[in-house]
Amino acid sequence: VVVAVSASLPDRYDAEASIVKQVSSTPFDSVSVDVVTRELATIGQLLTSSTVLNAAAREIPGETGETLDEKVSSSVDPEANLIFVTAEAGDAERAAQIANTVAQTFVDEQAALARRQIEAARANLLEEQARLRDQPGSTEQLQAIQQRLSQLGVSLAAAGTDLRIAERADPPDERASPKPLRNGILAAFLGLFLGVLV
């Protein structure tokens, strides 16, 4: 019965893409493990948010944010700074396409968000610079603003580089389920055990 039921179930393939989180630090800075772990956990949650899934669905014909929500999951490896995107589908190629598209969409969305935040901060500083330019005794403030603008310029150039695709998903060679032979063997041993027990 177990073999028959397993064989009648639809095929399911799992594909996995990975994203690496770069932790930038100088020799004089110490990065807390708890902080990195929390950041990775946050990224794992944001990866399957409706914003990311809806944006990814626009790149995958026949999918919506709701359907991707049922097919995509994320997990985190804090020791390796890796975030895994796992997608399931009835076709191996489709599973890999979904995993890769969601991962790339998330990386692109985070880079765009970082750029928008830096550009907004830069615009505020430019307004403050224009306001102080005509005021006497504001030389030190203007120098500080100019230095901060230079720092933001560097940050803007590097925006989004802390997240990148570590490994793209490949179409799996074998289906994740069902596995009638394995299930049948397990059922046979379980039946034998229960029979002896009785």
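In this predicted model, helix 5 has 41 residues, which at 1.5 Å a residue should span 60 Å; the end C-alpha atoms of helix 5 are 61 Å apart, so the two values agree. Helix 5 covers residues 92-132 and lies across strand 1, strand 2, strand 3 and strand 4. With strand 1, helix 5 makes an angle of about 20°. At the start of helix 5, the backbone nitrogen of Glu 93 has a side-chain oxygen of Asp 91 within 3.0 Å.

| Strand | Residues |
|---|---|
| Strand 1 | 13-21 |
| Strand 2 | 72-77 |
| Strand 3 | 82-89 |
| Strand 4 | 163-167 |

These four strands form an open sheet with antiparallel pairing, and their order is 2-3-1-4. Strand 2 and strand 4 are the edge strands, each of which pairs on one side only. From one strand to the next, the twist averages 30°. In general, the strands of a sheet pair through backbone hydrogen bonds, in either a parallel or an antiparallel manner.

Strand 2 and strand 3 run antiparallel and are joined by six bridges. Ser 73 has Thr 86, in strand 3, as its bridge partner. Strand 2 and strand 3 form a hairpin with four residues between the strands, and in this hairpin Asn 81 takes a positive phi near 55°.

Note on methods. Residues numbered from 1 in each chain as written. Predicted model: local features only at pLDDT ≥ 70, side-chain atom pairs only at ≥ 80, totals over all residues. Heavy atoms only, no water. Pairing = 2+ DSSP bridges. Helix = DSSP H or I, 4+ residues; strand = E, 2+ residues; numbered from the N terminus. Axes fitted to C-alpha atoms, helices over the stretch in contact; angles between N-to-C directions. Contact = heavy atoms within 4.5 Å. Expected span 1.5 Å × (residues − 1). Polar contact = N/O pair within 3.5 Å; in protein donor to acceptor, adjacent residues only side chain to side chain.
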